[in-house]
Amino acid sequence: MKMKSSAAELRRDGQDVHGALENPMVDTSMLEEFISSDIEFGTLQSQLPDSPPDSGSEPCSPPQLQTTVKDCAAEVQEYDSDGQNAALEKCCQALTWQPYQTSQWNSLFNSNYEKLPTVGYHIVTDKGFNFSTTDDAFVCQKKNHFQITVHIGITGHPKYVKTQLGGKPIENFYLKAFGIKVEAPNQTIAIEQSQSDRSKKTFHPVKVDLPGDQITKVTLGRLHFSETTANNMRKKGKPNPDQRYFMLVVGLYAVSQDEFYLLSAYVSEKIIVRASNPGQFENDSDVLWQRGHVPETIVYHGRVGINTDAPDEALVVCGNAKVMGRVMHPSDSRAKQNIREVDTNEQLRRITQMRLVEYDYKPEFASVMGIKNTHETGIIAQEVKELLPQAVREVGEVSCNDGEKIENFLMVDKDQIFMENVGAVKQLCKLTNNLEVRIEELEQWNRKLARLKRMSSLKSTVSEESKVSRYSRATSLLSSKKSVLLKSSKVCLSKRKESSSMKIFRVTIIALIAIMALCALTISTLYLLSVHGRHFEKHPIYRQVVELVLVN
């Protein structure tokens with residue numbers, strides 16, 4: 001009881017639980033004997049299987065051993081500040097461990113809702129990890145399995161786990177193992193487990209029984225990382241400066257209502273996971289393809305040539321290449337400098353001057369380059385070089401099948417041409433926008449002119465109406481004047497007519513009088529003649545003449 005109270009006092013004082021090692025009142029002999037016997041492969045080690053079954057197929061991966069100790073509350077604090085047993089590190093070199101995400105650890109309570117001490121937790125990597133002095137890190141071969149032994153010490157009899165919603169009853173305890181990336185701790189690496197038929201399955205959490213006041217030992221075997229670290233190949237015999245690392249995490253969880261609550265977790269130091277034997281990394285002349293840090297990827301550090309043995313770029317393909325997805329280019333402004341606008345008018349001018357032609361590749365050249373369809377539509381590099389030199393590059397000498405060599409062969413960067421097209425389209429858009437603005441302005445002026453025309457027509461009609469009214473007034477005045485004049489003229493005419501008729505009447509009377517006088521004169525003349533004729537007939541001469549006429 002004395003030892004329990006002293007450990008509780010240390011925890012109340014805010015000291016590290018590992019500081020209990022310095023307390024002379026804590027008796028850790030039994031725990032040291034248990035661990036040392038395990039390290040020395042004694043009788044307890046002989047009970048552990050080398051190849052446990054699949055964790056997903058059985059309740060737990062290995063058999064679990066419990067050891068009753070005199071004072072578990074003190075003995076589970078026997079580990080040093082790195083979470084490792086000092087005697088263990090003296091015996092062999094092993095991974096070191098640090099507490100992981102302590103802010104997310106949940107506390108345990110007994111049936112009386114009394115808080116229990118923190119779970120004692122100790123991890124040993126039994127096999128599968130070798131320390132490389134050259135890389136200054138532990139190395140694990142992906143094809144070789146590794147094994148973990150976990151010692152868990154529970155003080156008291158936990159019944160509840162504290163959560164954000166309060167205490168929840170504990171249903172089971174589980175162990176989880178997974179990897180994380182050093183450069184991206186939020187990205188996890190799955191752990192796999194080999195089966196008896198050499199196949200691999202995803203490693204599932206292992207259910208463990210944790211009796212109170214006991215130390216339980218659980219061994220997780222035949223484990224593998226599901227992928228390798230990136231940039232594993234050394235550079236001229238030295239570690240790759242871009243080497244990537246994993247870290248292994250082993251955590252203990254309490255399960256309540258299908259929810260996992262973290263009780264304790266430790267993370268290892270950095271680990272390199274390789275796909276090949278270490279010797280292959282010592283010779284730079286070895287061609288090494290390795291699995292990337294992203295699942296289902298392969299990595300080669302160097303230049304790759306397809307249908308060519310002299311690649312001058314990271315990837316050179318002589319032949320057709322199919323891309324079913326997108327081709328992405330770096331374009332983040334944070335990686336750029338000297339950013340300035342380009343003259344789109346000049347780009348439009350250059351695009352306008354570029355000739356678009358149809359052509360056929362020479363058979364001797366096409367066969368070397370793996371070109372099957374020799375007829376294409378495109379541009380001429382020499383012409384493009386005069387307009388846009390930065391879009392054309394010399395790639396050296398190219399040999400054809402007939403022995404002809406093309407020196408200073410020119411290649412065209414079609415991305416540059418594409419960006420020129422983008423600028424030209426932008427300039428055309430500006431021009432069309434200007435035309436649209438001009439057209440809109442003309443339409444506005446047209447509408448204004450139409451409005452003015454309508455207004456002028458209205459004015460003209462008004463003026464005409466005023467003119468008509470004035471004319472009508474004038475005409476009415478004129479007509480009135482005319483009527484007056486006509487009336488006066490009529491009066492005058494009537495007067496004139498009256499005077500003339502009188503004159504005519506007078507003349508007629510005079511004429512009649514003259515005629516009557518003439519008639520009277522004629523009658524009188526005729527009367528005189530008749531009287532004279534009767535006197536003449538009685539004359540004898542007249543009778544002789546008449547007789548002569550009758551005789552003839």
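Author: A residue is called buried under 20% relative accessible area, exposed over 50%, and partly exposed in between, with a 1.4 Å probe and protein chains only. Here C429 is partly exposed, because its relative accessible area is 37%, whereas C400 counts as buried, because its value is 8%. This is a predicted model, in which local features need pLDDT of at least 70, side-chain atom pairs count only at pLDDT 80 or more, and totals for chains, interfaces and linings use all residues. Residues are numbered from 1 along each chain as its sequence is written, and side-chain values use heavy atoms, with hydrogens and water left out.

Reader: How many disulfides does the whole structure hold?

Author: A disulfide is a pair of cysteine sulfur atoms within 2.5 Å, and a search of the whole structure finds zero of them.

Reader: Which residues have the most contacts inside the largest nonpolar core?

Author: In soluble globular proteins, nonpolar side chains tend to be buried together. A nonpolar core is a set of buried Ala, Val, Leu, Ile, Met, Phe, Trp, Tyr and Cys residues joined through side-chain atoms within 4.5 Å. The largest one in this model has 40 residues, and F225 and L252 have the most contacts inside it. Apart from that core lies another, of nine residues, including M247 and Y253.

Reader: Where is D415, and is it buried or partly exposed?

Author: D415 lies in helix α8, residues 414-537, a helix being a DSSP run (H or I) of at least four residues, numbered from the N terminus. D415 is partly exposed, because its relative accessible area is 42%.

Terms used. Helix = DSSP H or I, 4+ residues; strand = E, 2+ residues; numbered from the N terminus.
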